[in-house]
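Hello,

Here is the structure I promised to hand over. Please have a look, then read on for what was found in it.

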Amino acid sequence: MDADVIVVGAGPTGLMLAGELRLGGAEVIVLDKLAEPTGQSRGLGFTARAMEVFDQRGILPRFGQGESLEVSAVGHFGGVQFDFTSLEGAHFGARGIPQSQTEAVLAGWAADLGAVVHHGHEVLALADGFLDGDHAEVTVGTPDGVRRMRARYVVGCDGGKSTVRKLAGIGFPGTEATRAMFLADITGVDLKPRYLGETLPNGMVMAAPLKEGVHRIIVCPHGAAARSADDTVTFEEVAKAWEHITGEDISGGGAEWVSFFSDATRQAAEYRRGRVLLAGDAAHIHLPAGGQGLSTGVQDAANLGWKLAAVVTGRAGDALLDTYHAERHPVGRRLLMNTRAQGMVFLGGDQAEPLRSILTELTGHDVVRRHLAGVVSHLDIRYDLGDDGDGAHPLLGRRLARTALTGPDGPTDTFRLLHAGRGLLLDLADDAVVREAAAPWSGRVDVVTATASAPDGAVFAGAGAVLVRPDGHVAWTGAGGADGLDAALARWFGTPAGR
C-alpha cells in the first residue's frame with residue numbers, strides 16, 4: 001500500500017481530512033491536480049460551527065487573530081438581516097478570511113502532523129475491486145508520468161466536478177443551474193461595503209474590502225442565463241453587470257481574477273461506495289450563502305476523519321464508516337434546502353418581495369430568529385444516534401459548545417481537551433465507576449474528572465458524565481453510574497483487546 005488513505009483534492013475539505021486522519025494515526029497522501037494552489041479565494045469566511053471545529057483542534061490561532069477573530073453578530077437569511085445572538089453563542093461566523101488563507105492554515109497543520117501532499121497529480125482512473133476488495137487503486141498522472149497508487153480507502157474531496165465521484169459511479173441528482181452570477185477581486189476603485197448584500201431592481205450585489213486597494217464583489221443580475229462550465233468571463237462583463245445593477249462605473253479599475261458561479265443544486269446519492277468516500281463539494285453543491293459550502297466540507301472531514309482512521313488502524317470495524325453517510329447526508333440535504341430557500345428570497349426580484357416581507361415579519365419573533373440562526377451557523381446540527389428517546393439528555397447527538405472546566409491540572413475547557421483528536425469522557429461527579437468502565441479504552445478516550453461552573457455548567461444539568469466524540473458531538477450521557485457507557489464506547493471507539 002502507498003498509504004492507508006488517499007485523499008483526492010487539496011482544498012479546505014481535503015486538507016482538514018488529512019489532518020484528522022493523521023491525528024488518528026492513519027498514513028495519508030493528498031493528491032491535487034494543480035501544480036500549485038491558485039491563490040484565488042471563492043470562499044471568504046466560515047460559519048460559527050466551522051470556527052468551533054478549528055478551535056477544537058487548536059488551530060484557530062493560526063489564522064493570526066486567535067480568539068479575537070472577527071465575527072459578525074448580525075447575519076441574514078436570504079438577505080433578511082437579524083441578530084444572530086438570539087441563539088446563545090451564535091454569530092454569523094468569521095468574515096474576511098480568504099479561502100487561500102484557510103487552505104494555507106490547514107496545509108501547514110496537516111504537514112506538521114505528517115500528511116504528504118502531492119501537487120500536479122491528477123487521478124485518471126479507478127480500478128475495479130473498490131466495492132468488495134481489500135483496497136482501492138487509482139491511476140495517477142504525475143509530472144514524472146503515469147503511475148498506480150493503492151490505499152485501503154480513497155476519499156474524493158475534489159470539488160463539484162469530482163473525478164472520484166464519477167469514476168466510482170456515484171449518482172449526483174439535483175437541479176440544473178438557472179442563472180449565472182459573477183465573482184471578482186477588483187482593484188483601482190473605491191466601493192462602499194455591502195457585507196450582507198444589497199437587493200436592487202436589477203439584481204443583487206455584495207462588496208467587502210479584502211486588503212488595501214482590493215475589494216471582493218459578487219454580482220447577481222436578474223435574467224442572466226446559466227452558462228456552460230467551460231465558459232470564461234471577463235472583467236468588462238462583470239463591470240457592465242455591476243453598473244447595470246448599481247449605476248456605479250467600475251470599468252476604470254481592474255481585477256486580480258474573475259469567475260462565475262450558478263445556483264445548481266446537487267447531492268451525491270451515496271457518501272460511501274465500498275472503499276470510496278466523498279466529502280465537501282464532491283458530495284454537495286449549492287448556491288453560495290454565508291460560507292456554508294466550505295464550512296460543511298470542513299465538518300464532513302471532522303466527522304469522517306476520526307472514524308476512517310479508527311478503521312484503517314484496526315481500532316474499529318468497517319461498520320463505523322456507515323455512520324458517516326447516515327449522519328452527514330441529512331445535513332447536506334438540509335444545507336441544499338436552506339440555500340435554495342435563500343436564493344428564492346434573495347434573488348427572486350419583484351416576485352419574491354411578498355416572501356421577503358413575510359420573512360422580515362417572522363424574524364421579529366425570537367423563536368424564528370433562533371431557528372434561522374441555528375440553521376445558517378450550523379450550531380443546530382443534531383445527529384440521530386438511534387438512542388435519543390423521550391428521556392434522552394438534550395445534549396445527546398449535539399455538538400458540545402466550548403465550556404469552561406476546572407480539571408485536575410487547573411482551568412481548562414472542552415475544546416482544549418479535544419485538541420488531540422481522541423474521544424473525551426467527562427467525569428463530572430468524580431465517579432470511580434465511570435472511570436473504571438472507561439479504563440479499557442485508554443489511548444482512544446481521554447477520561448477527565450472535572451467540574452463546570454455556572455453559567456457554563458448549566459449545559460450539563462442532569463448529567464454526571466458525558467462522552468464526547470472527537471468531532472465534538474455528544475455520544476452518551478449518564479445521570480449517575482455507567483449504565484450504557486460500555487455500549488457507547490464500543491460503538492464509537494471499537495472493542496479493546498481482551499473484550
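Strands pair if DSSP finds at least two bridges between them. Strand β17 (residues 265–267) is joined to antiparallel β20 by two bridges. Arg266 sits opposite Ile285 of β20.

A word on the basis. The model is predicted, so local features need pLDDT of at least 70 and side-chain atom pairs pLDDT 80 or more, while totals for chains, interfaces and linings use all residues. Residues count from 1 along each chain as its sequence is written, and side-chain values use heavy atoms, without hydrogens and water. Helices (H or I, at least four residues) and strands (E, at least two) are DSSP runs numbered from the N terminus.

Next, Ala289. This residue is in the loop between β20 (284–285) and α6. Ala289 is buried, at 9% relative accessible area (buried is under 20%, exposed over 50%, partly exposed in between, with a 1.4 Å probe and protein chains only). Ala289 touches Thr339 and Gln342, leaving aside residues up to four places away in sequence; contact means heavy atoms within 4.5 Å.

Best wishes
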